[in-house]
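Thanks for coming. I will take the contact between the two chains first, then some details within them.

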There are 2 protein chains.
Amino acid sequence: MNRKLHLNAFLSSVGHHEAAWRLDESDPFADTDIEHYKHLARVAERGKMDSLFLADQPGLWTDIGRRPTCALEPTLLLTVLAGATERIGLIATASTTYNEPFNLARRFASLDHISGGRAGWNIVTTATVGAARNFGLDELPGHRVRYARADDFVEVSRKLWDSWQDDTIVADKENGVWGDNSRLHPPEHEGPYVKVAGALNVPRCPQGHPLLVQAGSSEDGRDFAARHADAVFTVQQTLTDAQAFYADMKARAAAFGRDPDTVKILPGIVPTIGRTQAEADALDAELDRLIRPEYAIEQLSGMLKVAPEDLRLDEELPDHIATEDQVEGGKSRFTVIVEMARREKLTVRGLIGRLGGGRGHLTVAGTPTRIADVITEWFTAGAADGFNVMPPVLPSGLESFVDDVVPVLQQRGLFRTEYAGRTVRDHYGLARPANRYELSGIR
Amino acid sequence: MNRKLHLNAFLSSVGHHEAAWRLDESDPFADTDIEHYKHLARVAERGKMDSLFLADQPGLWTDIGRRPTCALEPTLLLTVLAGATERIGLIATASTTYNEPFNLARRFASLDHISGGRAGWNIVTTATVGAARNFGLDELPGHRVRYARADDFVEVSRKLWDSWQDDTIVADKENGVWGDNSRLHPPEHEGPYVKVAGALNVPRCPQGHPLLVQAGSSEDGRDFAARHADAVFTVQQTLTDAQAFYADMKARAAAFGRDPDTVKILPGIVPTIGRTQAEADALDAELDRLIRPEYAIEQLSGMLKVAPEDLRLDEELPDHIATEDQVEGGKSRFTVIVEMARREKLTVRGLIGRLGGGRGHLTVAGTPTRIADVITEWFTAGAADGFNVMPPVLPSGLESFVDDVVPVLQQRGLFRTEYAGRTVRDHYGLARPANRYELSGIR
């Protein structure tokens, strides 16, 4: 078959399971250890994965008592990883709410030059009050405002990436002319949220524009992704829901005049891998046992707008909880979690285990074949173009995914056995964007 | 003698002379070539120089026709260079006017972790209208306002760097406690310009605080540097002026209660090095011949507030030009340039040559011994603790400085023959700052 699966390695400290750091094998200081991250990047590249990815927000994620919750700034860490790898894509999260477009567009253009065309930007609007308070705000800006600013921000970022044509540097030593001003296009952008007058001070980058990734799943988020994103990370618990999301995103992209094939849908998957089902289940149980429930109860209480005392560990969720329109950030995540709890009749303790592992993402424990089967089923049934792989424990969970699951997908002809291209756009089968100023004939 | 010289390598494209790119040896695409910069960094480290340094502003420096005028974002480029070197300090310029403190303090803390304690921040307020217009402003904010914000910005940055005590991560796997909240100190800073509530999401960095560098020379700039800077870059044309500046800065530092020895004064020097004086003079003349005067006239006109038609190439500057208080940015640079032109009775063409080479910095053409003599004289006569070395052509000018001038300084016992410490603070003989929250006994 022609259609190929895409795999992104979501790197996160010593693993996505919140208690992973308590395992004997885990280094609790790994977050500031670049050797830890270089190793992860090389493992993902050994598995020929399309890209690796770092989530981010400008603030602490959670109480520092609970688990490792610090992070080197992602564009710097990916610059380190660019030097440790040769082919794999490098996707950093950055917020449009708490950055200035000139600075951020420049950082991504720089990363793309440094990595030879491997930079990607996961565009987020950052939905926490904690981050807002690190930038002089008392309140989180509203959902609509954040997305409207993000739209303006991405628009001017694209103008900045096009502000140098590919052939702007003429380097005419004889006549003393370095750059051709007629090929330089200052944006002079005056949007509703951001104004940027001048051209970027970095020439057009190898990919033209870095790969753009988005993970919003609300109405605003979906439209934003359908307009701008090359790849979409999403949280899906069931095949049926994933199929509906997939179809919806492709239709929205088409409605914006885009080829739906150029928007890659990547649900998250948290694979707990064992040589036997029992071994995988045992690791899952051990991880869940290591969760401290008091933190999880507090977080769940905030997320669901339920008083902590109404969440009883051995009972199901109470009947009366908030509805999606009452929450400000992570709207669809809220719904996924509540529906999962109801559908599977999970106790609060059971829900905490599931969230501790995947924060709402699909969790699958099993043999490599079982993991590969789920991936294959979703990929062939129109639910995914690939997966955002979130190992519960790092590095061991990524090593076993690459060494044990990837070969099964390769044997099935679903996944590459060698990189064909050089850029992350190549890996995802996406064209290099034309420069808007060359298209319109402005020279 | 005990007192040791400090040498910083100021890296800039293919050299500090504006026409360097037109030489046969120069690669006009070097600015986006990380191999060019890795080579420069390794050469500087071979010379045991204290640090290397990248200037920056968020916008184009000049007309792209004139010379190479693009730059990868400095904190990313220094991250690359951290991986290419082991000991040398890494100083990036970043603007307090066009950044948010949480983001920037985090990037420098990250660079310090990544480099094992080698990060430095050259704090600038960015005095160009072009940059202002890239951040939604129509006008450059006033000098006083920019410095007042810078002050607030540095204050909260220090709080952020201290927001984790060195021993905040307790990593108690047994009891499931990763960090100790009593050792975390959210700034809750509400300054006149910036507000930051939460702790940084990066643990305290190897140096405690990155090395802080400053180059303002106006009254506001000098006070700012005397309060905050570990090292001061300065523009000085004569030994007398340099001695006066040196004495003034040490006195100001003392007046702020600091040990004057902890503020290192580093004038710029542009060394054109030849095996003979004639060879050095010939390279200087060749570089000056390659300057296109029309760009230089336009820049000089803007800098001096004189109409271009009043600047005649073969005459001296006109009598009536602006005074320092009529210029907004680079106040002292303005005075240095005007005084130099008057003192040396330079024609406009001669002034253009001097500015093309050093933009107002001390330029010295000669043999390695002559260069070493000037450095020695200024160092021993109380005019400098070291130099900011600005080779006119790169890499060749840095190679000859390291291979031919540094050994002379080493033979004279002025400069190290091996690195003694690991961090850039070690190289400059500066202590690691204590954490303010430990000092005051808050636990």
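**Two chains and what lies between them**

In this predicted model, 73 residues of chain B are in contact with 73 residues of chain A, contact meaning heavy atoms within 4.5 Å. Before I go on, the conventions: residues are numbered from 1 along each chain as its sequence is written, and chains are lettered from A, with ligands numbered from 1, in the order in which they are written. Local features need pLDDT of at least 70, side-chain atom pairs count only at pLDDT 80 or more, totals for chains, interfaces and linings use all residues, and side-chain values use heavy atoms, with hydrogens and water left out.

How much area is buried between chain B and chain A? About 5,900 Å², and carbon and sulfur atoms give 61% of that. Buried area here is the accessible area, with a 1.4 Å probe, that two parts lose on being put together, summed over both. On the chain B side, the residues that lose the most area to chain A are B:I64, B:K173 and B:W178, together 14% of what that side buries.

Six salt bridges are counted between chain B and chain A; the rule asks for a side-chain nitrogen of Lys or Arg within 4 Å of a carboxyl oxygen of Asp or Glu. B:K195 and A:D138 form a salt bridge through their side chains, at 3.6 Å from N to O.

Which elements of chain B supply at least two residues each to the side that touches chain A? They are helix 2 (74-84), helix 3 (101-115), strand 5 (169-172), strand 6 (177-179) and strand 8 (195-196). Helices (H or I, at least four residues) and strands (E, at least two) are DSSP runs, numbered from the N terminus. Helix 3 of chain B gives the most, with eight residues.

**Symmetry**

Chain B can be laid on chain A by a turn of 180 degrees and a shift of 0.0 Å along the axis, with an RMSD of 0.0 Å. The superposition is by least squares on the C-alpha atoms of residues with pLDDT of at least 70 in both copies. The two copies are thus related as by a two-fold rotation axis. In chain B, the C-alpha nearest the axis belongs to B:L76, 2.8 Å from it. Both copies use the same surface, in that 100% of the contact residues of chain B recur in chain A.

**Within the chains**

Over all chains, the salt bridge count is 64. One of them joins the side chains of A:R144 and A:D220, at 3.0 Å from N to O. A:R144 lies in helix 5 (residues 143-161) of chain A and A:D220 in helix 6 (residues 219-228), so the pair ties together parts that are 76 residues apart in sequence.

Last, the backbone. A cis peptide bond joins A:L394 and A:P395, with omega about 5 degrees. A:P395 is in the loop between strand 13 (386-389) and helix 13 (396-411) of chain A. In chain B, the peptide bond from B:L394 to B:P395 is cis, with omega near 5 degrees. A:K305 is not a glycine, yet has a positive phi of about 55 degrees; A:K305 is in the loop between helix 9 (293-304) and helix 10 (331-343) of chain A.
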